[in-house]
Amino acid sequence: ALRDELQARAAAAAAAASSTASPSASPSPPAASAATPAPSAAAEASAAYVSDWMQLVDEWLGDRLIRLGYNFPTEIQSAVLAKLRPADGAAPRAPAAEHDVVISSQTGSGKTLAYLLPVLQRLQFLPRGTRRVLQDGPVALLVVPNQELAVQVLLLCNRILGGPPSTGTRSPGDPANIFTYTGPREVVLRGVLEEGDVERAEESLYLQRAHIIAGTPELLAAVLQRSEQRLQQAAARPKDDEQQQQQQQQQQQ
């Protein structure tokens, strides 16, 4: 409708200009204002959407997602993975590009997987069949606002990394059982969910053997203060603060 209106105005302007010019004058060219408006940000994002997991993540990860029922990425997942995937011409198993990324989208749009999948991509570089102590810290440190969300994130990681998708689905015929999993093995997940976890981190190798750690800001800060854990050296540090954003919005309203 906007384009039709602009074209109509341009035609009217051209007609008015030709009526006031001399008979021998050439007709005026169409006005430049009839140009097509620039596409919106939403249109650009939709045009860049990639619907095939295999174009966004490694084969093992794409296969696992499909077996778990995630047949297609959401728009926010496609956008984030496209931003972080290796540059064109890089080796097939090169690490993802290094970026600080802020993800903002509505609830239920798939933000958790959007920040988890780039983290899980890094796990392909871990040596298989080892339980070595990670002297330089974990591969990823997931900072979440509360204990419940930390548990949800760790359970999701476990399912993607070969764990059972839900109770009662461990039969050999299930498409997501452990026998169909081809990704990294022996990945250690740890949660800092209560004060007891902080004490265990201080007294043992509880966190030093972990590849992925999830916890709340307060408890993770206590680990840093009371032990020699090198959490700040994690290669990826997603921070999920959706709940805090929602509370701020409610206070403003």
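This is a predicted model: local features need pLDDT of at least 70, side-chain atom pairs count only at pLDDT 80 or more; totals for chains, interfaces and linings use all residues.
In which loop does Glu 186 lie? Glu 186 sits in the loop between H6 and E2.

Glu 186 is not a glycine, yet its phi is positive, at about 55°. Most residues other than glycine have a negative phi. The relative accessible area of Glu 186 is 34%, so this residue counts as partly exposed.

Now step back to the whole chain. The protein has nine helices and three strands. Read from the N terminus, the order of elements is α-α-α-α-α-β-α-β-α-β-α-α. Of the 253 residues, 36% count as buried. Take the contacts between residues at least 6 apart in sequence: 70% of them join residues at least 24 apart.

One aromatic pair gives an example of a link across the sequence. A search of the whole structure finds one such pair. Its members are Trp 60 and Tyr 181, arranged edge-to-face. The ring centres are 6.0 Å apart, and the planes make an angle of 85°. Trp 60 belongs to helix H3, residues 59–67, while Tyr 181 belongs to the loop between H6 and strand E2, so the pair ties together parts that are 121 residues apart in sequence. Both Trp 60 and Tyr 181 are buried.

Stay with helix H3, which also holds Arg 64. Is Arg 64 buried or exposed? Its relative accessibility is 1%, under the 20% cut-off, so Arg 64 counts as buried. Leaving aside residues up to four places away in sequence, Arg 64 touches Arg 159, Ile 160, Gly 162, Gly 163, Ala 176, Asn 177, Thr 180 and Tyr 181. Tyr 181, in that list, is also the partner of Trp 60 in the aromatic pair.

Next come helices H5 and H6. Two packed helices are described by the angle between their axes and the distance between the axes. For H5 (residues 111–121) and H6 (residues 147–160), the axes come within 11 Å and cross at roughly 50°. An angle of this kind falls between the parallel and perpendicular ranges, and the two helices are therefore oblique to each other. The crossing is right-handed. On the H5 side, the contact is made by Thr 112, Leu 113, Tyr 115, Leu 116, Leu 117 and Leu 120. On the H6 side, Val 153, Leu 156, Cys 157 and Ile 160 take part. How do these residues divide into nonpolar, polar and charged? Nine are nonpolar, one is polar and none is charged. Ile 160 of H6 is also among the residues that Arg 64 touches.

The buried residues of helix H4, residues 75–84, are Ile 76, Gln 77, Ser 78, Val 80, Leu 81 and Leu 84. H5 is included in what covers them. An α-helix has 3.6 residues a turn, so residues three or four places apart point the same way.

Follow the chain past H5. Leu 123 lies in the loop between H5 and strand E1, which spans 140–143. Its relative accessible area is 0%, so Leu 123 is buried. Beyond residues up to four places away in sequence, Leu 123 touches Val 139, Leu 161, Pro 184, Val 187, His 211 and Ile 212. Leu 123 and Gly 183 are 60 residues apart in sequence, but their C-alpha atoms are 8.6 Å apart in space.

Key:
Residues are numbered from 1 along each chain as its sequence is written. Side-chain values use heavy atoms; hydrogens and water are left out. Axes are lines fitted to C-alpha atoms, for helices over the stretch in contact, and angles run from 0 to 180 degrees between N-to-C directions. Helices (H or I, at least four residues) and strands (E, at least two) are DSSP runs, numbered from the N terminus. Angles under 35 degrees count as roughly parallel, over 145 as roughly antiparallel, 65 to 115 as roughly perpendicular and the rest as oblique. A crossing is left-handed if the near helix is turned anticlockwise from the far one by less than a right angle, and right-handed if clockwise. Contact means heavy atoms within 4.5 Å. Ala, Val, Leu, Ile, Met, Phe, Trp, Tyr, Cys and Pro count as nonpolar, Asp, Glu, Lys and Arg as charged, and the others, Gly among them, as polar. Rings of Phe, Tyr and Trp (its six-membered ring) pair if their centres lie within 6.5 Å; planes under 30 degrees apart count as stacked, over 60 as edge-to-face and the rest as tilted. Buried means under 20% relative accessible area, exposed over 50%, partly exposed in between (1.4 Å probe, protein chains only).
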